[in-house]
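Hi,

Here is the structure I said I would pass on.

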Amino acid sequence: MNPTTSRIQVRPATEREGRKDYIRIQNYGFWYSEKKALDAISLDVPERQVVAFIGPSGCGKSTLLRNLNRMNDLIDGIRHEGDITIAGRSIYDPNLEVISLRRRVGMVFQKSNPFPKSIYENVVYALRVMGVTNRATLDEACETSLRKSALWDEVKDRLNESALGLSGGQMQRLCIARAIANRPEILLMDEPCSALDPIATGKIEELIHELKEQFTIVIVTHSMQQAARVSDRTAFFYLGKLIEYDTTEKIFMNPSQAQTEAYISGRFG
Amino acid sequence: MSQSSADTLTPKGESWVWFTSLGLIVGLVMVVGLLSLVLLNGFSVFWAPQVPTVQLKDNSTIVGQLVQRRVRPGSPALNPIYERQYQVGLRELNGFSYIWKDEGDIVKEFFNPETMGLERVENGPAFVTPVAIIDSQGRRISAKDSEFKVILQKELSHAAGVRDQVHEISRGKIGDVNRELEALRIELRRAEDKGLPTEEIQGKVAQLDKQFAELKSQAEQMSAQGSKAKLIAHDASGKDVQLAFSTLIRAWTPNQMSFFERIELLFNRLGEFIFDEPREANTEGGLMPAIFGTLVMTVFMSLMVTPFGVITAIYLREYAQDGPILRTVRICVNNLAGVPSIVFGVFGLGFFVYVLGGSIDQLFYSDQLKYNNNTPVFGTGGLLWCSLTLALMTLPVVIVATEEALSAVPRGMREASLAAGASKWQTIRDILLPASAPGILTGVILAMARGAGEVAPLMLVGVVKLAPTLPLDTMAPFLHMDRKFMHLGFHIYDLGFQSPDSDAARPMVFATTLLLIVLVVCLNLGAITIRNRLRAKFKGASF
């Protein structure tokens, strides 16, 4: 076995009750104008598990993630083929409003992007735009989400202060709190720790473990150690193609594809 | 080759640093020059210098304030003859207020401590030697009397009090009665036209007429009483002049005053300049109506242009499909900023005043038109049309600034909001607009600065030389958007080019310019303060 691979500690996959094909990506292709970014991707994400997307820059993993809540709709000239279903329903269903899709699929971005509002307003934003005005409901949601994102003890005394005064790690956890405040079913994380120090990263990884009790999590990461530590299943992408998708243990200990092995052992060229 | 260039010791960039800073230097010099010119000339309105008594070769004497000294036009270049301009005042006696004298004609110049400067309600200032006062009780107090100064101030303030009362009656009360009469006459004509009974209205009119006459006689009586006190003085040639206190505003002894007394007088005059109404074809008195008009107009312009511009920019930036049409529209909007302002004035007159205002009159004020000699209400220039015209003129500034501000909002914030399930409009309202508020305000500041100083279009759509009433008063509906108003920029033009007494008007031109600059700076400072507060809210953002 490769020495690099053996250093990576893999957490054994948790098997839970739930749909095995909660998110089903079927033969999915995607174009930015003329450039093909994704090519015939097919994979299933089981309910309440963590799936990591890994691969070199430009391999399409972020593109795929951002298509799960149709964030790429903002870009002009995009086009897709194939289909993505969540709990059996296509996200491209013309009867499904993109807003309601995004309410079910929360997202955390690479750069923490809190709004220039108070911590409280940041967390309850998703509820506010849903039209919730009941103060008690908002307060409760705020506390629950902040507790879940392990930020409550640090900010409970300054909920009305600007979110921009938080540290980088706190901001990212705030963004997680914001993403889970309206209780989505799925949480997408686009390299959530790439701008954080190891301690903050550790906290967020702990958080991911706790969150997967309730949410189905798809995480894009450049750190293979992170993928190994947090995910149950891992998908390796290269040049817009899905090279290998299996349990994390299998991918890191015994990959079936040569490219996968080359990538995770750092011998990629 | 690279070797040789590396070897030269002459610094490569330095000369260009100097070259590029040249533009800044020229700009700074111009700004400083402009400000000091305006400051110096403007403050001469308020400063009281010493007033010399000048004896001339022909044995005549003049007493007056030195205004300027120059080479006499047409005098030989090698051996120039200088001449001096004095403001001698007493226009009603001399027939002139300013006079030029060759320096060669001056025999002696000295400062008579007794010389007194007088500011008057009409005919400009006077420089005299006081002899005595006949006070309200008919007593005569000699200038040598120790009481003289006290009595002088007492009579001046008494006269000022009477003037204020008369003013209140003639402007305030008689004005109110006049407006009511006006309205009743229209009603009367309508009643006659429709064959309705007119007795009641006629009764009211008679009552008001009576009231009017009473007030008028009251005012006349008051001013007659106030004018009993007189100041007896000698003019420059020693002739007796009698000046009624009712025509005097303030008196000072320019050759005796200490520096602090001069400063006090300066602030006194400055206060009058800012808070009083103009006199003497605008060459004296204050600028209150013009300051007020400029402020109100600028505020309304901002209130109109900001929402309109922001909404337009939101559509252009957030909703409109990118393509040739959008690009053309954007170019047109940008070019609109370069259209000469007078063009907007013509548009304002042709569209706002004649078309819009005319239609409003036809729809809502047809009675007034019919029974009031076709006097238009909104179909003529006014505050509303001025604000609208300038709002239109400054619209591109706000649109461009808002578009820039919207596009400068970090993509992450937009995505975060959308990912949280917000609709596009919610994202714009809750995230984009607050985040781009400082940028939008920058645009509004620029628009205000441009609008407040604009004159040309306003001349066509409602600014006048002298407006009898402010656009804001105690009569319902309190804010009269149809009224014409005074404006500092136009005031400067009017003083500089339309004044019957250009010598008297010149210092006022500078003083008014100074005031306009101060006003624009104040408006901008206000907006900048708001902007900085907003900016502080976004400080520390990690994007």
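Before the interface numbers, a definition: buried area is the accessible area, taken with a 1.4 Å probe, that two parts lose on being put together, summed over both. The size of an interface is often given that way. Keep in mind that this is a predicted model.

So, the interface. Between chain B and chain A about 2,000 Å² is buried, and carbon and sulfur atoms give 62% of that area. On the chain B side, the residues that lose the most area to chain A are Glu415(B), Ala419(B) and Ala420(B), which together make up 24% of what that side buries. Counted by residues, 25 from chain A are in contact with 23 from chain B.

Now chain A by itself. Its secondary structure comes to 11 helices and 10 strands. The C-alpha trace spans about 55 × 45 × 35 Å along the principal axes. How does the radius of gyration of chain A sit against that of a compact globule? It agrees: a compact globule with 269 residues would be near 18 Å, and chain A has 18 Å.

A few more totals for chain A:

- Of its 269 residues, 54% are buried.
- Taking contacts with a separation of 6 or more, 70% are between residues 24 or more positions apart.

One is Arg173(A), in helix α7 of chain A, which covers residues 168-180. Is Arg173(A) buried or exposed? It is buried, because its relative accessible area is 3%, and the cut-off for buried is under 20%. Leaving aside residues up to four places away in sequence, Arg173(A) touches Ser149(A), Ala150(A), Leu151(A) and Glu154(A), along with Lys203(A), Ile204(A) and Leu207(A).

The other is Asn532(B), which sits in helix α16 of chain B, residues 502-538. Asn532(B) has a relative accessibility of 38%, so it counts as partly exposed; that class runs between the 20% and 50% cut-offs. Which residue is 94 places from Asn532(B) along the chain, with its C-alpha atom 7.4 Å away? That one is Pro438(B).

Cheers

Key: Residues are numbered from 1 along each chain as its sequence is written. Chains are lettered from A and ligands numbered from 1 in the order in which they are written. This is a predicted model: local features need pLDDT of at least 70, side-chain atom pairs count only at pLDDT 80 or more; totals for chains, interfaces and linings use all residues. Side-chain values use heavy atoms; hydrogens and water are left out. Helices (H or I, at least four residues) and strands (E, at least two) are DSSP runs, numbered from the N terminus. The radius of gyration is taken over C-alpha atoms; the globule rule is 2.2 Å times the number of residues to the power 0.38. Buried means under 20% relative accessible area, exposed over 50%, partly exposed in between (1.4 Å probe, protein chains only). Contact means heavy atoms within 4.5 Å.
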